[in-house]
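Dear colleague,

I am handing over the structure below, together with some notes on what turned up in it. Please read the notes with the model open beside you.

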Amino acid sequence: MKRIVILGGGTGGTIAANRLRRGYGAEDAEIIVVDRDDDHVYQPGLLFVPFGLADPARLVRPRHRQLHPGVTFRQAGVDRVDLAGDQVFLDDGPALGYDALVIATGARLLPEQTEGLTGPGWMEQVFTFYTPAGAAALRGALDRFDGGRLAVNVVDMPVKCPVAPLEFCFLADHYFRRRGIRARVQLSYVTPLDGAFTKPVCNRELSGLLRRKDIDLVTEFNTGEVRGCRGGAGEGRLVSYDDREVRFDLAVVVPLHGGAAFVDRSPGLGDELGFIPVDPGTLQATAKPNVFAIGDATDVPTSKAGSVAHFEGAVVTDGVRAYLDGRPLTGCFDGHTNCFIETGGGKALLVDFNYDTEPLTGHYPARAGLPLLKESRLNHLGKRAFESLYWHALLPGRDLPGIGSDMPRRGKAGLPG
Amino acid sequence: MAEASYDGQVVSVNDEGFFTDPGQWTEAMAPQIAKAEGIDHLTDRHWQVIRFMRQEYQAKGTGPTVRVLGKTSGVSVKELYQLFPKGPAKLAAKIAGIPKPRGCI
C-alpha cells in the first residue's frame, strides 16, 4: 500500500485528493490531506463581500466534507518537510512518512512585510479584501464612505488572482454610482506594473475600461510604506520606494504574497519567496522526484488562480501515479488560465490564455462560446454561476464537459484553430 | 530586433534596449549603458547588484524581481532604488546585459 500525503485542503489539494482516490483501489493507496483548519473558503467570492453582494459566512464550507469519503483528513499545522527522510513533521504527533507528497498549501498574505501597512489605520482606513475578515470589515467602511480619495494598491507581484484588484475598482465605480456619490469619489488604481495588466492585448482592453470609468491609473509604483491614520482621522499616504506619494482617505491594499511558512523551514524545498520550484510541464518539484506541487504553491509562470489549480489537477495526479508505478512522466501542463473579470453593472469579461499565448479576443471554449475580452452580461452570469460548479463539479475532480485542461485554440482571434 | 553599439561592438537588443544575447555583454559596456540611462558613475554597490544579476540569470534563466533582489543580493530594496532609480530590477538587468525580467501575471 502506497501512502500519498497532500499538504493543504484548498482548491488544488482537494481536486488532487479526489482525483487520486478515484484512480486507486482502497487497498492500493492511502491518501491523507493535512490542513491546519477545516474552513474551505470560496476565495473568488471575497471580491463581492465589500459591496454587499456576497455573505462571507456562506463562502465557507468544511474542508473534510469536500473530500471523497476514502480520503483521510488530518487537521494539523505543518512544521516542516524532511525531503531526505520522505516525511512531514506536523505540529502534533509523530512524523508522517510518504511515498509521494503533493504540496497544495497556496499563497500566504504578508502584510507585515510592508512598512506601516499593519500600523495606524489598519482595518480602520486601510483594508484588504483578500481575507474573509478584511472583506467584511471593508464592507462597513465602504458603507460609511461618503466621498474622498479611494486608492486600490497592489504592493508587488505575484498575487492571487491578479485581476481581482482591477475588478474591485470596476465594482467600486458601479457601487458609488448606484449610491449617487461617484462624482465625490476619486478612484485610483496603483500598481507596480507598467500598465493595467502585463499582456499587451489584455492591457489595452483593461486600460480602456479604467479610462471609461474615470479611474486613475498609477503605474510602476512600488509601495515602500503605507501611512494610515489611527481611527481613519486624517489623510493617509502610499509612499513608493522612489518617493512618490498617493494620498488616500480609504485604501484597499493587496499585500505581498509568499508561500506557506513551513516551506521556509524546509531546507531545499522552496524559492526565495517560499514557492515550490517545479517543472512547468509535469509540476514535479525540482527538489525531489517524489514531490509535486499544485495551485498557488508552485512557481510556474502563470496566474495564481483556482482555474490553474483545476487545469493542473489531471497532470499532477497522472504524475503521482506514473512516479509511484515507476513509469516516465508524460503529463504536460500548458499554463492554461481562465478568469472571469467582473466589470461592474452586471457585466464581466472573460480571459483565457497559457504559457505561450497571451489573452486574446474571440470566444471560449469555441466559436459559439462566451465572448473573450469583451464585456457581456453572459460572462457575469457565468462568473456567478461558477460558484455552484466549484463545489459540485470542480472540487470533486470531475472533468467538466467541453472544458479541457489544455487551452483551446479554436475560437481565438489570430490563432490558427 | 534592433542593434546597439557599446565599447565599439555591435550587440542585439530588443525594442526597449535589453540585450537579447547576454553572451555579447562585457563589463566594459556597463558604464556606457548606465550613462545612457542617467547613471553617470557605477559604484562598487552598483557592481555588486550587476554581478548578482548576471549570476541569477545564468542560474535561473531570468533576472530576479526587485523583491527577490532585496532579499538575496545583500542590497536592501530602499538602496536598490537609490542606486537604480525608478525600476531597479529592469534597470539593473539592462545594464547587466540580460533580457528584461519576466513579469508575473
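A:Pro365 sits in the loop that runs between strand 23 (362–364) and strand 24 (370–372) of chain A, and the peptide bond that joins A:Tyr364 to A:Pro365 is cis, with omega about 0°. Helices (H or I, at least four residues) and strands (E, at least two) are DSSP runs, numbered from the N terminus. This is a predicted model, in which local features need pLDDT of at least 70 and side-chain atom pairs count only at pLDDT 80 or more, while totals for chains, interfaces and linings use all residues. Residues are numbered from 1 along each chain as its sequence is written, and chains are lettered from A and ligands numbered from 1 in the order in which they are written.

Another cis peptide bond runs from A:Met157 to A:Pro158, with omega near -5°, and A:Pro158 lies in the loop between strand 12 (148–154) and helix 3 (164–178) of chain A. That loop between strand 12 and helix 3 also holds A:Cys161, which has a positive phi of about 45° although it is not a glycine. A:Cys161 counts as buried, with 22 C-beta neighbours inside 10 Å; a residue is buried if 20 or more other C-beta atoms lie within 10 Å of its own, exposed if 12 or fewer, and partly exposed in between, the C-beta atoms being placed from the backbone. In chain B, B:Asp7 is likewise not a glycine and has a positive phi, of about 50°; B:Asp7 is found in the loop between strand 1 (2–6) and strand 2 (9–13) and is partly exposed, with 14 other C-beta atoms within 10 Å.

The domain assignment, which is automatic or taken from a database, divides chain A into domain 1 (2–106 + 260–325), domain 2 (111–257) and domain 3 (339–417). The C-alpha centres of domain 1 and domain 2 of chain A lie 31 Å apart, and 14 residues of domain 1 are in contact with 18 residues of domain 2, where contact requires that the C-beta atoms of two residues, placed from the backbone, lie within 7 Å.

Between the chains, the contact takes 17 residues from chain A and 15 residues from chain B. On the side of chain B that touches chain A, helix 3 (66–72) and helix 4 (77–83) of chain B each supply at least two residues, and helix 3 of chain B gives the most, with five residues.

Helix 7 (residues 377–394) of chain A bends by about 40° at A:Ser388, the bend being the angle between axes fitted to the seven residues ending there and the seven starting there. The buried residues of this helix are A:Asn379, A:His380, A:Lys383 and A:Leu394, and they pack against helix 1 (11–23), helix 6 (306–325), strand 21 (337–344), strand 22 (347–353) and strand 24 of chain A.

A nonpolar core is a set of buried Ala, Val, Leu, Ile, Met, Phe, Trp, Tyr and Cys residues joined through C-beta atoms within 7 Å. The largest one has 116 residues, and those with the most contacts inside it are A:Ile4, A:Ile6, A:Val102, A:Phe129 and A:Ile294. Helix 3 of chain A provides the largest share of this core, eight residues. Apart from this core lies another, of 26 residues, among them B:Tyr6, B:Met53, B:Val66 and B:Phe84.

With best wishes
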